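Today I'm looking up the pockets and the ligand.

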Amino acid sequence: MTENKGKIFVFSAPSGAGKTTILKFLKESIPELVYSISATTRKPRKGEIDKHHYFFMSEKEFLDRKEKNEFAEWAFVHGNYYGTPKSFIDNTINKGLHIIMDIDVFGKKQFDKVYPEAVGILILPPGLKELEKRLRGRNSDDEETILLRLENARKEMEFARKEGKYEYTIVNDNLGKTKCRVESLVKSIIQNRTGE
Ligand code: 5GP
């Protein structure tokens with residue numbers, strides 16, 4: 001049966017695995033991908049635009065919507081609520097457009113209950129030693145933050161291994177090659193071919 005609906009791609013990765021760079025590249029190289037827009041109760045930062053960066057809303061509105069089951073997954077992060085609105089995903093894929101999302105391994109597990117058809121792509125660093133080297137090389141975090149990020153990465157990788165549903169796992173040992181692999185993988189799935 002031919003499927004006219006768009007595909008849903010979910011990317012997860014521990015911080016430092018290179019996901020942000022890879023997704024930025026993907027967005028530029030495959031323009032028909034639509035980035036999912038999350039809802040949040042956090043205040044907009046300078047330059048952030050409502051309905052573009054996030055759907056900014058009050059806590060009351062968020063909790064009302066959560067109660068009505070309008071989010072595919074949600075989390076409380078650093079004192080604010082964040083969630084993925086189902087309506088945005090449904091409207092996008094029903095138009096035949098493909099959606100791309102960035103969800104942590106825990107959120108992905110919730111998300112799968114609503115969208116089991118989503119394609120999960122896990123990006124991993126070559127190892128924790130290499131991840132530590134990258135985090136230190138960024139020169140942007142203090143020692144405590146680096147250790148916290150490493151510990152979080154370890155927990156996320158363990159959770160993904162034990163409980164994650166990822167159709168594809170890509171070890172980012174070379175950024176250039178990883179970008180190409182991810183690009184050809186996404187293109188091949190969009191064109192309804194399987195595998196890479
Ligand atoms: P920020 O406030 O810096 O934009 O994002 C803070 C955190 O919230 C990040 O770790 C980001 O991944 C997470 N986040 C953003 N949107 C969502 C969402 O829709 N669902 C979940 N579970 N986390 C989100």
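Which element gives the most to the lining of the largest pocket? I found that α6 does, with seven residues.

**Ground rules.** I'm working with a predicted model, where local features need pLDDT of at least 70, side-chain atom pairs count only at pLDDT 80 or more, and totals for chains, interfaces and linings use all residues. Residues are numbered from 1 along each chain as its sequence is written, and side-chain values use heavy atoms, with hydrogens and water left out.

**Largest pocket.** I looked up its volume and got about 1900 Å³. A pocket here is an open set of points on a 1 Å grid over the protein atoms alone, where a 1.4 Å probe fits, with protein on both sides within 12 Å along at least five of seven lines. Lining residues have an atom within 4 Å of a point. The volume is the space filled by probe spheres set on the points, which are joined across faces, edges and corners.

I noted 48 lining residues, with Lys19, Tyr54, Asp102, Ile103 and Asp104 nearest the centre. Two or more residues each come from α1 (19-29), β5, β6, β7 (98-102), α4 (105-114) and α6 (143-163). These labels are DSSP runs numbered from the N terminus: helices (H or I) have at least four residues, strands (E) at least two. By class, I have 18 nonpolar, 16 polar and 14 charged residues in this lining. Asp, Glu, Lys and Arg count as charged, Ala, Val, Leu, Ile, Met, Phe, Trp, Tyr, Cys and Pro as nonpolar, and the others, Gly among them, as polar.

**Ligand.** Where does the ligand sit? The space it takes is the largest pocket (more than half of its atoms lie within 2 Å of the grid points). Around the ligand (a heavy atom within 4 Å) I listed Ser38, Arg42, Arg45, Tyr54, Glu73, Ala75, Val77, Tyr82, Gly83 and Thr84. That shell has four nonpolar, three polar and three charged residues.

Next I checked polar contacts (pairs of N or O atoms within 3.5 Å). Polar side-chain atoms reach ligand oxygens from Ser38 at 2.7 Å and from Tyr54 at 2.5 Å. Glu73 has a side-chain N or O atom 2.7 Å from a ligand nitrogen. Alone, the ligand exposes 510 Å², and the protein buries 70% of that (Shrake-Rupley method, 1.4 Å probe).

**Second largest pocket.** I got a volume of about 170 Å³. Of its 13 lining residues, Phe55, Met57, Arg65, Pro85 and Ser87 are closest to the centre. α3 gives the most, with three residues.

Methods: A polar contact is a pair of N or O atoms within 3.5 Å; within protein, one must be able to donate a hydrogen and the other to accept it, and residues adjacent in sequence count only if both atoms are side-chain atoms.
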